[in-house]
Amino acid sequence: MSVVSISYVHAAWRALLYADCFSYPLTARELRIWGIGATIPLGKLRDVLRTLLRSKKIYSDGRYIWVGHGHHRQLERTAKEDASRKKFYYASVVGKYIGHIPTVRLVTVTGSVAAGNASTTDDIDFLVVTSPGTVWLTRLCALVLIECIARRRHPYDREVANAICLNMFLGADAIGLPPEEHDIYSAYELLLMEPVYTVRGTYRAMLTANSWAKRFLPVAFAHRLALESEIQSEIKRPSWFIGLLESAADRIQTWYMRHRRTSEIIKENVIRFHPNDSRAHTLSAYHKRCIQYKIPGAPLDNRKTITVK
C-alpha cells in the first residue's frame, strides 16, 4: 500500500473536470502538467491514476483519461489536433510577418488553436505585446498588414475559418492581468498561449508579471518558464515622433469604433476585443462539475492523505 495526498488526487480531478468543459481527454503526462492547485510528484502519478480509476467515474483507454463515459472524445481530440496543427503552422507564418513591425515585442497564438482543440471552422486568435505607448500604432500597422497578406476576422463575419483575429494588444509595461481576472480561466489562457515571435525576454517578462498563475497551475507555470530562458531586455520608451504617430492612430481608431463598441476593454496600453468571451460560461461549467463530483474547485492547501492499495 502507498499513501497519496488527497491534494494530489483533487489536483488531478480538477484538471480532468476543466478539460471536460471542452470535451478534451488528457494523457497522464498532461494530467500532471495541468494539475490544478497542487504539484503531483512523478513518483506518485501512478498511484493518483489508480485512485481516479477506482472511483468508477474516471475512464481510460490506456492513452487518454476522461470523466464519465464518452469514448468518442478520443476521436474528436485526434481530429481537432490535426486541424490545430494545420492552423498553427499558418499562424506561425502570419505571426512572424507581424513581428516585422518595429514596435512588436511578442506575438502569441491563443485560444483553441494554441490549446490544440480547434475545429476546422475556428478562427485563429492572436495576442500582441508592443513597445510601451505604441498599442494603437501597432494595431493599425497590423490590421493593414493582415488585410494584405491574410484574411482578417471582422466583427460581423459568420464564416471565420482560418480568419486572423487580432483580439488583444498589450503594451510591454501593461502585461500583468488585473487582479479581478486572477482565476483558473486566465491561468489556462496564459499558459496555453504559444509564442511565434518574441523579442529577447518579453515572453518571460509576461510570465513573471503574471506569477499568480502558478497558484492555480504550478507545474504548467514552471514548465512554461523553463521554455523561456532568455534574459529580459530593457524596455525602451517611444521617441517623441512615435508618440505623435501613436496619438494620431489612437484618435483615428477610437473615432472609427465609437458606434461599434460592445464588450471591448480599452485603456492605457491595453486593447482587448472579445467577440465571444467564454470566461463566464467556462467558469460556470467548471464549478458545476466540481459540485457534481464533490471536488473543491479552488486550489486548497489540503494535507489529508488516502491509502491506495
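What follows is a chat about helix packing, a salt bridge and a sheet.

Reply: Happy to, with one caution at the start, namely that this is a predicted model.

Me: Okay, salt bridges then. How many does the structure hold?

Reply: The structure holds 13 salt bridges. One of them is formed by Asp20 with Arg289, where the closest N and O atoms are 2.7 Å apart.

Me: At what angle do the axes of H1 and H11 cross?

Reply: The axes cross at roughly 135° and come within 9 Å. An angle over 145 would count as roughly antiparallel, and H1 and H11 are therefore described as oblique to each other. Their crossing is right-handed.

Me: Which residues meet there?

Reply: From H1 there are Arg14, Leu17, Tyr18 and Asp20, and these meet Thr282, Tyr286, Arg289 and Cys290 in H11. Sorted by class, this contact of H1 with H11 has four nonpolar, one polar and three charged residues.

Me: Staying with H1, how does it pack with H3?

Reply: H1 packs with helix H3 (residues 42-54) at an angle of about 65°, and their axes are 10 Å apart. The two helices are therefore roughly perpendicular to each other, and the crossing of H1 and H3 is right-handed.

Me: What makes the contact on each side?

Reply: On the H1 side the contact is made by Tyr8, Val9, Ala12, Trp13 and Leu16, and on the H3 side by Lys44, Val48, Thr51 and Leu52. The residues of this contact of H1 with H3 divide into seven nonpolar, one polar and one charged.

Me: Let's move on to H4 and H6. Where do they stand relative to one another, in angle and distance?

Reply: Helix H4 (residues 72-98) and helix H6 (residues 135-149) have axes that come within 10 Å and cross at roughly 135°. That makes H4 oblique to H6, and H4 passes H6 in a right-handed crossing.

Me: Which residues are in that contact, and of what class?

Reply: H4 contributes Val94, Tyr97 and Ile98, while H6 contributes Leu145, Ile146 and Ile149. By class, the contact of H4 with H6 has six nonpolar residues, with no polar and no charged ones.

Me: New topic, the sheet. What order do the strands come in?

Reply: Six strands form an open sheet in the order S7-S4-S5-S6-S9-S8, and the pairing is mixed. The edge strands are S7 (194-198) and S8 (265-267), each of which pairs on one side only. From one strand to the next, the twist averages 20°.

Me: What holds paired strands together in general?

Reply: Strands of a sheet pair through backbone hydrogen bonds, in either a parallel or an antiparallel arrangement.

Me: And in which sense do S4 and S5 pair?

Reply: Strand S4 (residues 104-110) and strand S5 (residues 124-130) pair in the antiparallel sense, over six bridges. If you want a position to look at in the viewer, Thr108 stands opposite Leu127 in S5.

Notes. Residues numbered from 1 in each chain as written. Predicted model: local features only at pLDDT ≥ 70, side-chain atom pairs only at ≥ 80, totals over all residues. Heavy atoms only, no water. Axes fitted to C-alpha atoms, helices over the stretch in contact; angles between N-to-C directions. Helix = DSSP H or I, 4+ residues; strand = E, 2+ residues; numbered from the N terminus. Parallel < 35°, antiparallel > 145°, perpendicular 65-115°, else oblique. Left-handed = near helix turned anticlockwise from the far one by under 90°. Contact = heavy atoms within 4.5 Å. Nonpolar A, V, L, I, M, F, W, Y, C, P; charged D, E, K, R; others polar. Pairing = 2+ DSSP bridges. Salt bridge = Lys/Arg side-chain N within 4 Å of Asp/Glu carboxyl O.
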